Amino acid sequence: MFYFLLFIFSCQLFYYEDDKIKEIEIAKVSSEYNIGINKALSSSVRIHSLENGITYGHGSGNVFHIGKHLFILTASHVVDTSDTILIQEEGGNMMSAEVVYRNEYDDTAILLPHEEFESTTSSSYIVSKEHDIKAKKLHYYGYPQNLDGFLAVGFVSQSDYKRILMQSYAWFGASGSCVFDASGRVVGVVSAIVTQLDPYTGMAITPGNIVVVARVYDLERNKIREILVDAKAKSRNPD
């Protein structure tokens with residue numbers, strides 16, 4: 001009985017329910033990592049965008065599931081002109097993917113992977129519905145520049161249902177990383193960094209610590225499930 005209680009106290013139980021799906025998730029809790037960090041780390045992938053066979057850039061994204069269906073959430077501008085998309089896991093495994101949803105205004109996109117993941121763990125998709133999350137601590141994990149992975153933390157300076165300004169770090173390649181709160185809920189995706197003109201050179205520079213996050217408040221589970229069913233998304237529990 002004692003060991004059972006230790007197990008319960010070291011985990012947190014989540015229950016998700018809508019009109020079609022009920023899910024139970026048990027998340028491990030420790031003093032060093034919160035649930036948001038664990039989900040950001042385990043579900044993150046690098047997204048390579050190609051046009052006419054040439055790689056013109058890369059971004060980041062995260063793998064989620066709703067019921068039995070798998071998908072990748074990222075920023076729309078990461079894949080805006082792509083005719084070929086390759087997903088890379090941390091272990092180096094590569095697979096192709098296709099865009100099944102894009103919203104340029106909200107800067108969000110949903111991708112379908114075409115193969116099985118070897119080292120990436122999908123997270124249950126649950127969205128934060130809080131309007132004002134000012135001063136809350138958020139986390140994301142992505143692949144800026146040529147780094148093999150970068151964990152960032154930041155505090156919200158401004159927020160509404162569409163955008164968040166977060167005091168954190170982001171650079172090219174981090175776009176599309178999903179931002180999680182401490183409870184493991186998705187708040188949004190890294191969308192942009194703030195730039196300003198250098199008064200001496202007239203060139204654009206970045207302060208380096210202001211990150212724009214596009215919220216996914218309106219990207220509901222029911223809406224995504226319809227998209228995935230129509231696109232014949234892969235099952236996360238293949239026979």
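**Thr108.** I started with Thr108, which is buried at a relative accessible area of 3% (buried means under 20%, exposed over 50%, partly exposed in between, with a 1.4 Å probe and protein chains only). This is a predicted model, where local features need pLDDT of at least 70 and side-chain atom pairs count only at pLDDT 80 or more, while totals for chains, interfaces and linings use all residues. Residues are numbered from 1 along each chain as its sequence is written, and side-chain values use heavy atoms, with hydrogens and water left out.

I placed Thr108 in strand β8, residues 108-113 (helices are DSSP runs of H or I with at least four residues, strands are runs of E with at least two, numbered from the N terminus). What does Thr108 touch, not counting residues up to four places away in sequence? I found Thr74, Ala75, Ser76, Tyr101, Arg102, Asn103, Val189, Arg215 and Val216 (contact means heavy atoms within 4.5 Å).

**Whole chain.** I looked up the totals next. The protein chain has 3 helices and 17 strands, and 46% of its 239 residues count as buried. Among contacts between residues at least 6 apart in sequence, 61% join residues at least 24 apart.

**Cores.** I then went for the nonpolar cores (sets of buried Ala, Val, Leu, Ile, Met, Phe, Trp, Tyr and Cys joined through side-chain atoms within 4.5 Å). The largest has 37 residues, and Ile47, Phe71, Leu73, Ile87, Ile110 and Tyr125 have the most contacts inside it. Apart from it lies another core of 14 residues, including Ala152, Val156, Met166 and Ala170.

**Tyr125 and the rings.** Leaving out residues up to four places away in sequence, I listed Phe64, His65, Ile66, Phe71, Leu73, Val186, Val216, Leu219, Arg221 and Ile224 as touching Tyr125. Which residues do ring pairs link into a cluster? They are Phe64, Phe71, Tyr125 and Phe180. Searching the whole structure gave me 8 aromatic pairs (rings of Phe, Tyr and Trp, the latter by its six-membered ring, pair if their centres lie within 6.5 Å; planes under 30 degrees apart are stacked, over 60 edge-to-face, the rest tilted).

Ser123 sits in strand β9, residues 123-124, and is buried at 3% relative accessible area. Beyond four places in sequence, I see it touching Lys39, Ser42, Ser43, Val63, Phe64 and His65. Helix α2 covers residues 35-43, and its buried residues include Lys39 and Ser43. At the N-terminal end of α2, Asn34 is the cap, with a side-chain oxygen 3.3 Å from the backbone nitrogen of Gly36.

**Tyr141.** I put Tyr141 in strand β10, residues 137-142; at 10% relative accessibility, Tyr141 is buried. Its side chain makes a polar contact with the side chain of Glu90 at 2.6 Å (N or O atoms within 3.5 Å; within protein, one must be able to donate a hydrogen and the other to accept it, and residues adjacent in sequence count only if both atoms are side-chain atoms). Other residues touching Tyr141 include Ala40, Leu41, Asp148 and Phe150. I also noted Cys178, 37 residues from Tyr141 in sequence but 7.6 Å away, C-alpha to C-alpha.

**Ile227.** Last stop was Ile227 in helix α3, residues 221-230. Is Ile227 buried or exposed? I logged Ile227 as buried, at 15% relative accessible area. Leaving aside neighbours within four places, Ile227 is in contact with Val100, Tyr101 and Ile110. Ile227 and Tyr101 are 126 residues apart along the chain, yet their C-alpha atoms are separated by 7.5 Å.
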